[in-house]
Amino acid sequence: MEGLSLLVLALLCAGSMAQAPSTVTLTTTTAAVTEGTSTAMNFVCTLNNPAIIELSFTLMYEATSTSEDGFDHGTVGDYCCTVAVGATVGSVSIPLINDVVKDIPTGGETLNVQILPADLTTLSITDATGGLVAVVITDDGDTTPLIATPRTSTIKVVEASMAMITIDFLDANKNLAPAEEGITFSVGHANSALDTATITTDYTDVTTHAVTVTLGAPITSTVIAVTTVADTDVENIETINFILGDMTAATDTSITGVGSPGFQVQILDDDRTELISVQDMTPLKRRSSKKDSTIFVVTNEAPGAAWDVTDTTLGHNLRDCKRKIRTINTFAALQLTIPRPERNSKARFNEFTFTRTQTFGASTYPRTVRSFVTPTSPEEPIETDVGPVLVVYPNDQPCTALAQTYCINVKCTPLNRRQLRWSHIPDGGTDSDESFLKKYDGNPRLQLKECNKGGLYIVGRRGRRKKGWISYVRVIQAACPITEGLMMANCVGPVTTCLNQGVFDQRLGLCTCRPGFAGATCELVSDRGVFGSNCQFKIADYFKDKENKNGKCIKYGFPDALGWTCAAGWGGPDCCDQCKRGWKFGANCGQTCHCIDDICDPVSGHCTNGCAPGFKGANCQVR
């Protein structure tokens, strides 16, 4: 009995020391299935030794598959192959999903499956499969076409940004339907003759679009991107009319879509209208000049755009001036050549106006620039201490009274003071509309108290205004009080503080900067001899004389409310007087330095040794 007991014990111990499985092999019993006929794909996992505990192996969808996980079949990662205790074989079924979309490629899609490596590491078991387990899924003959339809018919985008057009895939019943990988469709022009935008110049063309499939999610829409190009031209809304062509598959050209409606991309311009007159004053400051004077009206509107001249007053010797349109460095310019004044001519002073109508939002309004022909050989010119332009503001809107009393002062010798005479030409008027302000005879100060008194104020010697010296100031009356801005013909919103003598345009809600300055608040200091909101225009491109290139003797006319101005660093009636290095700088020498040593650059106002207490910024103009 004792020998038998020892034998039984030895057998029991041998059984309890059975070897644990070290490898697993994954196979399939359904290497080829057909959508609609087969209901599932079956997989088998086989151990090399019986499981001593229940083992579960998670299946993994391999990225090389051409089937859509979760769309053509159940989500593979949700299924596990489980082997019971003592067993060596387990199985799992992944259901097929029957859809109505024709799958590609024609020969069938392939699902590649493997065991999740993390499970193998945890169980210390090696995958002995020898590669991926593949199942080929054949389409059941679905022929329902997809319709590619723009979600919206019109897309508006600001210049230099990207238009994103969502294209939905619909089935024959106009329901969202998934697209298969490999589908592309053409993107063409419905009628290029109707396009107002130009390929390359205004946008990057799109000719085909491939559908990008995100694994694990059905694709029912895609996005077409149209990139628009930045420029400096002021343009109307430009349009591109696209239409979507038939859809095709990379490996199955028999897939065709149903024709779809097109869509339109509208490109909104982001450039400000520039309208600036630039005049060389050199020929007009000397009686003996033999040189004609030239005025350029410069704009950044697209070259070739129609010039909408709504009001051009050319008086006296300006009536017969020559004019032509030029393109200078892609910018359009109207060039006016003014004949040199005759020695005994009384027509040595006049105002030139040029107007364009600008659309702003739903409103249009004229933007006018002015320039002046000044007297030749002025004798002891009278100087105004407020500069050539004075902007006055109403106390309310509409104006019933000015916000304050504005004064125009002149500097002259006591002898000349008794001979002073003032006159006024209203906005839009000519010499025939000139009225003399007799109550100010002999008075060096003229006071403005009433509304609607804008225009040109001229002071000279009685009886000799056309022959002797004169001085003048343009008075511009703002539409809204100083504390408000004009937006779409209504006084609303706060006014932006414009630096460096910039003036707030109440209609546009923007600062108009003087030559040599730029930026949203005119805070940026530019180089000499440049002008425009972005300092994109160069004097040297218009006037070739060396002395003009830095702004000397150049007079600018900006739209109201900035008006007439010299270049930075220059002043005087002809803009030929350089600002003295010291405590004044800028256009018309009208800005005060705020340097710790009271000495600044006459052009930029830059302080070499730093700002005075309480001031900061590039040229110490910010409090």
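How many salt bridges does the structure hold? I looked this up and found 3 salt bridges, a salt bridge being a side-chain nitrogen of Lys or Arg within 4 Å of a carboxyl oxygen of Asp or Glu.

A note before going on: this is a predicted model, where local features need pLDDT of at least 70 and side-chain atom pairs count only at pLDDT 80 or more, while totals for chains, interfaces and linings use all residues. Residues are numbered from 1 along each chain as its sequence is written, and side-chain values use heavy atoms, with hydrogens and water left out.

**Entry: Arg151 and Asp168**
I found the side chains of Arg151 and Asp168 joined in a salt bridge, 2.7 Å from N to O. This pair links distant parts of the chain, 17 residues apart: Arg151 is in the loop between β10 (147-150) and β11 (154-158), and Asp168 is in strand β12 (residues 162-170). Strands are DSSP runs of E with at least two residues, numbered from the N terminus. Arg151 is exposed, at 55% relative accessible area, whereas Asp168 is buried at 12%. Buried means under 20%, exposed over 50%, and partly exposed in between (1.4 Å probe, protein chains only).

**Entry: Arg474 and Asp560**
I next looked up Arg474, which forms a salt bridge with Asp560, with 3.1 Å between the closest N and O atoms. Arg474 lies in strand β31 (residues 470-477) and Asp560 in the loop between β40 (554-557) and β41 (564-566), so the pair ties together parts 86 residues apart in sequence. Arg474 is buried, with a relative accessible area of 2%, and Asp560 is partly exposed at 30%.

**Entry: Glu450 and Lys453**
I also noted a salt bridge between the side chains of Glu450 and Lys453, at 3.9 Å from N to O. Glu450 counts as exposed at 52% relative accessibility, and Lys453 as partly exposed at 37%.

**Entry: cavities**
The whole structure has 5 cavities of 30 Å³ or more; on a 1 Å grid over the protein atoms alone, a cavity is a set of points where a 1.4 Å probe fits but cannot get out, and lining residues have an atom within 4 Å of a point. The largest cavity holds about 110 Å³, a volume being the space filled by probe spheres set on the points. Of the 12 residues that line the largest cavity, Arg272, Thr273, Glu274, Thr512 and Phe558 are the closest to its centre.

Terms used:
Helix = DSSP H or I, 4+ residues; strand = E, 2+ residues; numbered from the N terminus. 1 Å grid on protein atoms, 1.4 Å probe; cavity = no way out; pocket = protein on both sides within 12 Å on 5 of 7 lines; lining within 4 Å.
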